[in-house]
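Student: Can you walk me through this one? I'd like to start with how the chains sit together.

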Number of protein chains: 2
Amino acid sequence: VLNRLATIVRSQHVLTEPDERAGYEIDWTRRYRGDALAVVRPGSTAEVAQVLSVCNEGSIAVVPQGGNTGLVGGSVPRPDRAAVVLSLARLDECSIDAQHGEAVVGGGVILESFQEASRASGWDLAVDLAARGSCTIGGMVATNAGGEHVVRYGPMAQQLIGVEAVLADGTVVGHVPALRKDNTGYHWAGILAGSEGTLGVVTRAHLRLVAVLPARVVALLGLPDLEAALAVTGKLRRTLPELNAVEVCFADGIDLVRSVTGMPAPLSQRAPVNVVVETAGDDVDLLVDRLGGAVAAAGGMLDSAIASTEADRARLWRYREAHTEAISTLGVPHKLDVSIPFDRMLEFERRVRALVSDAGAQLVLFGHLGDGNLHVNVLGPSADDARIDDAVLDLAASLGGSISAEHGIGIAKRSAFARTRSTAELDAMRAIKRALDPRAILNPGVLFS
Amino acid sequence: VLNRLATIVRSQHVLTEPDERAGYEIDWTRRYRGDALAVVRPGSTAEVAQVLSVCNEGSIAVVPQGGNTGLVGGSVPRPDRAAVVLSLARLDECSIDAQHGEAVVGGGVILESFQEASRASGWDLAVDLAARGSCTIGGMVATNAGGEHVVRYGPMAQQLIGVEAVLADGTVVGHVPALRKDNTGYHWAGILAGSEGTLGVVTRAHLRLVAVLPARVVALLGLPDLEAALAVTGKLRRTLPELNAVEVCFADGIDLVRSVTGMPAPLSQRAPVNVVVETAGDDVDLLVDRLGGAVAAAGGMLDSAIASTEADRARLWRYREAHTEAISTLGVPHKLDVSIPFDRMLEFERRVRALVSDAGAQLVLFGHLGDGNLHVNVLGPSADDARIDDAVLDLAASLGGSISAEHGIGIAKRSAFARTRSTAELDAMRAIKRALDPRAILNPGVLFS
């Protein structure tokens, strides 16, 4: 089989030596690793199709890999089953239509490279991530990546005009360029976005871009509780179409950030809940007027600060963004990524605080308030003690929430996924999987055990 | 079986008399009809599940029906196979979250009723259609409805936070309320939007709403050709995030509208291509300034007019919107609904004009320029002569376009669908269909013969 693969992609693109394979066999969290039979690096959609066809005939497991920046173990071989790692890195086509704000992009293009090219022509991809220096467009589609601007533009699935993908048996489906309106049969973009490499391999994406907005304004709002924060968020959402981000952190997190960074208090009084709001447009004075007016009209705040210069904006953002770094000074946290219906968030906050406190552990919460997405950081339990993790996820699910807002299921969240969906629904998902990948070669073990 | 269905939904909701069934057996185009074994009107998701389970056991065909406003024959029984019509009209739940701009809506809720309720609370569904008085939210999801504001907000698929649906065997999948971020397994909203009732029945949708924007400004731009129109569209798209619609019509269409309505010439000179642009926001003076400035900066126009009062806006819109009515005075047109990649639109226009002219027929083109979506109206050939229709669709497909931008496939476009996709891709779609509906009871004959 390796010989056949070498014929398809040329032998220099079939990596079999341990030192060549090593970087593809372990993910960047260093928690997940497995053995690669080989790393295969096809250079075109046609080569991806031939590689998959050969692997499918031989029932050889294939793990598609983009930037290998996933957090749930879905991008490297499983410990219990060696697999061919299909690296899409060479699918590096990038064609930007600066007239209409669209791009056709190979699955292996790194987000940051794409951003440089698109921004130079006045356009931007609406989804941006901290992993931008490594993560790839194909991986972002496969995992339906989110980030801080979902409140305005939606996640990756909503940036897709269309996709081209290869199914397990080598069938090429979808096509790019795609069409902004195209109601002809099942929508591959909708089927494949977020499917975590289990249904097909995204070889090219046709992306809708958004205009680069040169002006930004940031406000930090101090609020008495989460209820008031949600009320203000709703008012801003209705009155400010230019709302670009609505993030939340809490007094204990701000204290921690201040103790680590030495920053001064952000507001005149210590607020239990802190909301960072960003708007973006093309006229900074207009944005300041509008955001200032909307904040004043919303009411219910203990205090607020507004920033329009780059330095001031960065300073306000830092209270929220330094959370990850500040938390890491306390130890290695258990990180959970849940979303909660807006009308159950107060209850979730109260109960998760009680749950963690009762276990004698420490909790730091922050997240994307505009999307109902909270990052739950728990400090105290050892790395292999998942009891609090399970309890937090079950609490989220019991309130109608999601056990994985952005990160996906991979292999890390399979058990929580399985116990928070009905057997019949899981069976229906498995039926789709079997229909498109009857030999179960694509990313086996991801989503379903 | 009818007795079992009557036990589930109560006998008054199983319609078997010919006069009761008649309205459900023929669609509003009057081109499609078939026999209903019965019309079943479940009142809840649980009843839908029980009805489908019974029909699945008996391998009885089921045609889901919302407002019965489809244009491609997908909402009534096929002429060659009697079916149970599953009317979702009684799924009329409507719960609007005015704080966060979301709504949970039963599949049977009529768009116009929903608009009244949501607008009263300051929010709106971004998708609007001429069939608003009859079409239902469930039908709009199943057909991925589009309309004039896709250029800003995307089609129905992009308004979905999530769906609840029932599969052929009665399995309930998805859940509402859903989450704005939820990467757990396959995304039912992405799978079901646009699947035309062949994979599942949408019982409830959780919709993202957009703020009602009270101010609107409209401009009519006269341009020398489609190339100039596309260039201006691109510039406006980049500089005006408030761009709400970009529509196109041509000199012959404007002449026809003027002859039918008696309206005066819209501009100082007769322009080969006319583009209607709308922006929406909360301050009309600001919108006028911005749209006027963007139009002046774009250049390349023969003339332009801008309107900010309601009467003036309606007058400019009427040149575009009166096309359908004006065309109908010439006879019953063959209506085709294609989308074309932007960089092939000039070629499409040239070739479709030649094609129709060579056949001795008359062509009127108009459409949603911002989405690459053209409505092709052909007058002359008799109703059952599909030769020009086929030639136009094949031309669109040969240029990488879609043979059905908004209307879907239904039974009307099956042959064009089959001949413009690869056999392997169609087989993959059929595999998904078989996986979720192994007895092929859901809307059989739609999409696939």
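Student: What rotation superposes chain B on chain A?

Tutor: A rotation of 180°, with 0.0 Å of shift along its axis and an RMSD of 0.0 Å. In chain B, the C-alpha nearest the axis belongs to B:G190, 2.0 Å from it.

Student: Anything to know about the model and the numbering?

Tutor: This is a predicted model: local features need pLDDT of at least 70, side-chain atom pairs count only at pLDDT 80 or more, and totals for chains, interfaces and linings use all residues. Residues are numbered from 1 along each chain as its sequence is written, chains are lettered from A and ligands numbered from 1 in the order written, and side-chain values use heavy atoms, with hydrogens and water left out.

Student: How many residues are in contact between the chains?

Tutor: 81 residues of chain B are in contact with 80 residues of chain A. Contact means heavy atoms within 4.5 Å.

Student: And how much area is buried between them?

Tutor: About 6,300 Å², with carbon and sulfur atoms giving 56%. Buried area is the accessible area (1.4 Å probe) that two parts lose on being put together, summed over both. B:K181, B:N183 and B:Y186 supply 16% of the area that chain B buries against chain A, more than any other three residues.

Student: What does B:K181 form a salt bridge with?

Tutor: Its partner is A:D371. The closest N and O atoms are 3.1 Å apart. Between chain B and chain A the count is six salt bridges. The term means a side-chain nitrogen of Lys or Arg within 4 Å of a carboxyl oxygen of Asp or Glu.

Student: New topic. In what order do the four strands of the open sheet in chain B come?

Tutor: The order is 1-2-4-3, with mixed pairing. Strands are DSSP runs of E, at least two residues, numbered from the N terminus. Two of them pair if DSSP finds at least two bridges between them.

Student: Which strands stand at the edges?

Tutor: Strand 1 (14-15) and strand 3 (62-65) of chain B. Each has a single partner strand, so one side of each is left without a neighbour in the sheet.

Student: How many bridges join strand 3 to strand 4 in chain B?

Tutor: Four, and the two strands run parallel. Strand 4 covers residues 83-87. B:Q65 stands opposite B:S87 in strand 4 of chain B.

Conventions: Copies are superposed by least squares on the C-alpha atoms of residues with pLDDT of at least 70 in both.
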